[in-house]
Amino acid sequence: MAFKVFAAGALLRIALIIYGEWHDEHMPVKYTDIDYSVFSDAARYVGEGRSPYTRDTYRYTPLIAFFLVPNCFIHPAWGKFLFSAGDVIVGWLIQRICRRRAIPPDTATWCMAAWLFNPYTATVATRGNCEALVGIMMLAVVNFLMARRVVPAAFLFGLVVHIRLYPIIYTPSLLLFMDHHFRRGSAGVLVAAFLNRDRVAFAIISGITFMALGVAFFQLYGWDFLQETYLYHLSRRDPRHNFSIHFYRLYLDFEDSTEVGSGLEKFMLALPQLGTLLAVAFHYARDLPFSLFIQTLIFVTFNKVSGMLSLASATCVVQLLLNR
């Protein structure tokens with residue numbers, strides 16, 4: 001049954017990609033995500049030996065453009081198939097993680113089906129959005145950690161944080177999941193117990209992965225890489241397609257040429273988010289999928305910029321909660 005569900009999910013995405021190509025040719029409102037056009041243009045520049053940041057509004061790691069270079073010589077829909085393949089593998093990983101949690105096989109398959117046949121997630125991937133890559137890497141991290149395979153988990157975590165900064169919010173839960181005995185004893189004992197081999201290895205490997213990619217791309221593209229991939233997102237303000245609880249304040253102050261608020265004000269606005277993220281990690285890290293789900297929900301709720309696609313991150317793990 002699981003294989004049939006997996007295959008049907010893959011066929012659904014192939015059908016949606018084919019439909020999307022027809023839709024774009026015949027309809028005034030395009031099926032393809034505007035970001036996919038940005039990815040494709042950046043990939044074309046990379047294929048020509050130029051910087052992906054030659055394309056205005058390309059604010060992602062160069063890896064995305066590298067992945068989509070075949071758009072230029074295989075087919076323009078290559079990237080959609082790549083992202084959709086990742087989306088299907090997310091479903092498989094959900095099933096794997098459910099089985100590791102001792103969920104019955106039939107229930108685990110239904111969890112996979114809930115992802116694969118969710119019209120929202122299927123549409124996001126087949127329109128050409130890259131969030132499936134984040135989903136597959138984060139769920140792979142969870143799967144590896146549950147199997148006590150720290151090295152591949154750490155490598156993938158460094159990679160996913162390089163691609164999209166926000167998964168760094170999961171660091172406390174991931175580290176605490178590795179061992180809970182550190183809570184007992186004096187402060188010195190706590191520190192010594194916390195710095196066990198697995199945590200140190202995870203921190204070093206993920207840190208080296210993140211830094212190595214950053215240094216390599218900085219050498220290639222200079223400050224454009226840092227500004228567009230990371231710094232822009234730290235200072236971004238969006239008064240339009242924004243469902244954040246801070247939306248109205250940002251909307252009223254958007255005409256100001258400078259960033260709104262003092263450093264203290266920004267810190268106070270971020271404090272509820274940081275505090276709740278840490279509290280959830282300390283209380284629920286033993287149940288890692290549940291902890292990551294709650295942290296994602298908190299991050300989306302309190303973030304300054306929250307679009308509809310932010311919800312895709314939360315849906316990656318919601319299927320894992322059905323046995324609670």
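Predicted model: local features only at pLDDT ≥ 70, side-chain atom pairs only at ≥ 80, totals over all residues.

Residues are numbered from 1 along each chain as its sequence is written, and side-chain values use heavy atoms, with hydrogens and water left out.

The whole chain, then. Its secondary structure comes to 16 helices and zero strands. Helices here are DSSP runs of H or I of at least four residues, strands are runs of E of at least two, and numbering goes from the N terminus. Of the 324 residues, 48% count as buried. Buried means under 20% relative accessible area, exposed means over 50%, and partly exposed is in between, with a 1.4 Å probe and protein chains only. The accessible surface comes to about 16200 Å², and 68% of that belongs to carbon and sulfur atoms. Those areas come from the Shrake-Rupley method with a 1.4 Å probe; for residues, only the protein chains shown count as cover. Among contacts with a separation of 6 or more, 68% are between residues 24 or more positions apart. A contact means heavy atoms within 4.5 Å.

Next, the annotation. In an unreviewed entry, UniProt places a "signal peptide" at residues 1-20. It also places "transmembrane region" at residues 77-94, 130-147, 153-178, 199-221 and 297-322, again in an unreviewed entry. The positions are in the numbering used here, feature names are shortened, and such annotations may be inferred rather than shown by experiment.

What does the model show over those spans? Residues 1-20 are 95% helix and 0% strand, with end C-alpha atoms 29 Å apart. Residues 77-94 are 94% helix and 0% strand, and their end C-alpha atoms lie 26 Å apart. For residues 153-178 the figures are 69% helix, 0% strand and 12 Å between the end C-alpha atoms.

Now the core. The largest nonpolar core has 71 residues, and those with the most contacts inside it are Phe-39, Tyr-58, Leu-145 and Phe-202. Its largest share, 11 residues, comes from helix H7, residues 131-146. A nonpolar core is a set of buried Ala, Val, Leu, Ile, Met, Phe, Trp, Tyr and Cys residues joined through side-chain atoms within 4.5 Å. Beyond four places in sequence, Leu-145 touches Ala-153, Leu-174, Phe-177, Met-178, Phe-202 and Leu-288.

Leu-288 brings us to helix H15, residues 288-302. Of its 15 residues, 12 are buried, so H15 is largely enclosed by the rest of the structure. Among the buried ones are Leu-288, Pro-289, Gln-295 and Val-300. The expected span is 1.5 Å times one less than the number of residues.

On to cysteines. How many disulfides are there by the distance rule? The count is zero, a disulfide being a pair of cysteine sulfur atoms within 2.5 Å. The sulfur of Cys-111 is 3.8 Å from that of Cys-98, its closest cysteine sulfur, which is too far for a bond. Cys-98 counts as buried, at 0% relative accessibility, and Cys-111 also has 0% and counts as buried.

Lys-80 is in helix H4, residues 78-100. Is it buried or exposed? At 1% relative accessibility, Lys-80 counts as buried. Beyond four places in sequence, its contacts include Glu-21, Asp-24, Tyr-36 and Arg-127. Ile-17 is also in contact with Lys-80; the two are 63 residues apart along the chain, with C-alpha atoms separated by 7.1 Å.

Thr-109 lies in helix H5, residues 105-116, and counts as buried at 4%. Leaving out positions up to four away, Thr-109 touches Met-1, Ala-2, Val-5 and Gln-95.

His-23 is in helix H1, residues 2-26, and at 15% relative accessibility counts as buried.

Phe-155, in helix H8, counts as partly exposed at 43%. Phe-155 and Ser-206 are 51 residues apart in sequence and 5.1 Å apart, C-alpha to C-alpha.
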